[in-house]
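Subject: Structure for you to look over

Dear colleague,

I am handing over the structure below, and after it you will find an account of what was found. Please read the two side by side.

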Amino acid sequence: MASRKAEPKPVARRRFNSLYAHGFVRVGACAPVVVPADPAANAETILKFWREADAAKAALLLTPELSLSGYAIDDLLLQEPLLDAVEAALTHLKAESESRFATLIVGAPLRLRGSVFNCAVVIHRGAILGVVPKSYLPNYREFYEKRHFGVAPDATADLITLCGEDVDFGANFIFRAIDQTDFAFHIEICEDYWAPTPPSTYGALAGATVLLNLSASNIVIGKAEDRAVLCDSQSRRAIAAYVFAAAGYGESTTDLAWDGQVIAYEMGEKIAEGERFARAPKLVIADIDVSRVAQERMRTGTFRDAAAREKERLARWGQIDFRLDPPQADAPLQRKIDRLPFVPDDVSKRDRDCYEAYNIQVSGLSRRLEATKTKKVVIGVSGGLDSTQALIVTARAFDLLGLPRKNIVAVTMPGFATSEDTKARAWELMKTLGVDGREVSITPLAQRLLEDLNHPAARGEKVYDITYENVQAGVRTDYLFRLANKESGFVVGTGDLSELALGWATYGVGDHMSHYNVNAGAPKTLIQHLIRWVAEQKVFDAAASATLLKVLEGEISPELIPGEKPQSTQATVGPYELQDFNLFYFSRYGLKPSKILFLAWSAWREKYSYAELRRWLEVFLTRFFAAQYKRSAVPNGPKIVSGGALSPRGDWRMPSDASAATWLAELHSATPEALD
């Protein structure tokens, strides 16, 4: 087979910078100022937004319900002049579409076999792809739609003549881009998503990854939140993106008011939102990760089961294909990507997550103590992040169980490179928490073991290799296990999720092992926030809180190698903030390395160069695969984050002898070496 010809560097760079190359699709939505019952004027307003969406390289533009005619025009909806003007406006927009990249979805009242239907019209490059009628008509309180419209199931035809051509007509369609993998959309109209069984549920099961809603929902107090909850919940349940555009300023306020709410969710995450009650509304852009949606469905067997149970219904659904021809030039991501995916940017959500994470750890340990009828535990305390978090979890668990904190045997074990500052923090923490604090120097035992190994360092030579480091880690863990035997307790582990991912743990008789590891499901970036949260929430007294904040100031270091500067873990394995980012998208969503790099570049470009991001991702992939044998034998510990756990009994299963070659090859072939 002939080898694939490499792209010229400028082409490769431009393609890497295009969101469409990484499984994203840009969607525009708007709530134009409406002129009631003036389709020609409304078409011109829509056209302005369409040009803007086109310039932004959006794949489609969503407008509100009946955006061509206006919604609140009552019996004028049945007037022939109005309906004729709507069709003329559609003819105008169809002609304009020939030079547009974005597909337009516009709301219009349309005649068919003696009825008028409330429709969404899909216009794409000189053609009308299809017409979708509304499935559910509200006819209660302020709504009287059955006075004017027929409902989709009552239609007696599946074609409508529009702009001189016969066009597919029906609610049971999805529209699929044949040249943009995983991009397919479904359309429903306003009331449809208030129904117990929204049409978009079946649209998603039929394959749509993007669900669109044209709405003319009037506004009353609290209704905007209700709409957002419906969008959010439907995007979660259907494992999809949901984009909603409601009518706004300009609609008749004879009896009602309108807020022009525009909002987009992706699998429960709000990714875009417009200004409500805007007199000069703006285009809202949502960059939707359709490949992530497809990946999540692939992992969720329940979605497949639901589709299988509706196979007879779904067999009656149609698919309308079109060519998107996505831009190959630069189209950088406009969507904000959280730098710390394990830690929400929103302060209120961060507090909630920290509360839950901390109590998951406490609850897990409490149950293990009760199940084993253990009254004592042993824990190594270095004064670093992980052991600090494990200790404050243990202290809280003992408080809840009514056990004295003196039953927590906390041991600091200085070695060849332990700094005085670190040891002082460890002692300060043990004292302020009131545990049974002890100090045992591992230097004599480690020295003896190095001598028995005939290691050069035993003779004073500065040979600080992996053996030198693991001798110290092994001696510490061995001591803790023997002490636990003596005290009739068990060893509480301290290693975290990030270290498990990177293999940054001494296997077997080392920090890899314990009887129960409260930190096994906690990534390093979350642990930093957990310690701060415990301090700020004053879970313990003021002195303990002050000590916790001091711990956060220290360098992340195993302190195994002597030197003028503290040994830096992150200089070897990479910055934890980056490696946690890589871990999240690799293990939780199974994204391609090239896409992970694209997301990292979008999130971190102000702090790290492209070359650094690419290099550390390569380190992550190499270390992750090489360290699977350690994860195959981890002790028990609770899952904490939705990003996943790495226990073979939980989220993650893979063979210990798997190779990273395929992932590294994808990274090297699908990303340029430099973007400069």
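**What was found**

Of the 676 residues of the protein, 57% count as buried, where buried means under 20% relative accessible area, exposed means over 50%, and partly exposed lies in between, with a 1.4 Å probe and protein chains only. Please keep in mind that this is a predicted model, in which local features need pLDDT of at least 70 and side-chain atom pairs count only at pLDDT 80 or more, while totals for chains, interfaces and linings use all residues. Residues are numbered from 1 along each chain as its sequence is written, and side-chain values use heavy atoms, with hydrogens and water left out.

**Overall picture**

The C-alpha trace of the protein spans about 100 × 65 × 45 Å along its principal axes. The protein has 22 helices and 20 strands, these being DSSP runs numbered from the N terminus, with helices of type H or I and at least four residues, and strands of type E and at least two. Among contacts (heavy atoms within 4.5 Å) between residues at least 6 apart in sequence, 75% join residues at least 24 apart.

Strand 11 is mostly covered, with six of its six residues buried. A241, V243 and A245 point one way from strand 11, whereas Y242, F244 and A246 point the other way, and all are buried. In a regular strand the side chains alternate between the two faces of the sheet.

Strand 10 and strand 11 run parallel and are joined by six bridges, with S215 having A246 as its bridge partner in strand 11. The chain passes from strand 10 through helix 5 to strand 11 in a β-α-β crossover that is right-handed, a term that applies if, with the strands pointing away from the viewer, the path from the first strand over the helix to the second runs clockwise. Strand 11 and strand 12, by contrast, run antiparallel and are joined by five bridges, and F244 has I263 as its bridge partner in strand 12. Strand 12 (residues 262–266) and strand 13 are likewise antiparallel, joined by four bridges, and A264 stands opposite A272 in strand 13.

**Other strand pairs**

Strand 14 (residues 284–289) is largely enclosed by the rest of the structure, because six of its six residues are buried. V284, A286 and I288 point one way from strand 14 and I285, D287 and D289 the other way, all of them buried. Strand 1 (residues 24–29) runs antiparallel to strand 14 and is joined to it by six bridges, and the bridge partner of G28 in strand 14 is I285.

Strand 4 (residues 115–124) pairs with strand 5 in the antiparallel sense over six bridges, and I123 has I128 as its bridge partner in strand 5. These two strands, strand 4 and strand 5, form a hairpin with two residues between them, and R125 in the turn has a positive phi of about 45 degrees. Strand 5 (residues 127–133) is mostly covered, with six of its seven residues buried.

Helix 20 (residues 610–626) has 17 residues and reaches 25 Å from its first C-alpha to its last, close to the 24 Å expected at 1.5 Å a residue, a span computed as 1.5 Å times one less than the number of residues. The buried residues of helix 20 are Y610, L613, R614, W616, L617, F620, L621, F624 and F625.

**Cysteines**

With a disulfide taken as a pair of cysteine sulfur atoms within 2.5 Å, the count comes to zero disulfides. C163 is in no disulfide, and the nearest cysteine sulfur, that of C119, is 13 Å away; C163 is partly exposed, with a relative accessible area of 22%. C231 is in no disulfide either, the nearest cysteine sulfur being that of C190, 11 Å away, and C231 counts as buried at 0% relative accessibility.

With best wishes

Definitions and conventions:
Two strands pair if DSSP finds at least two bridges between them.
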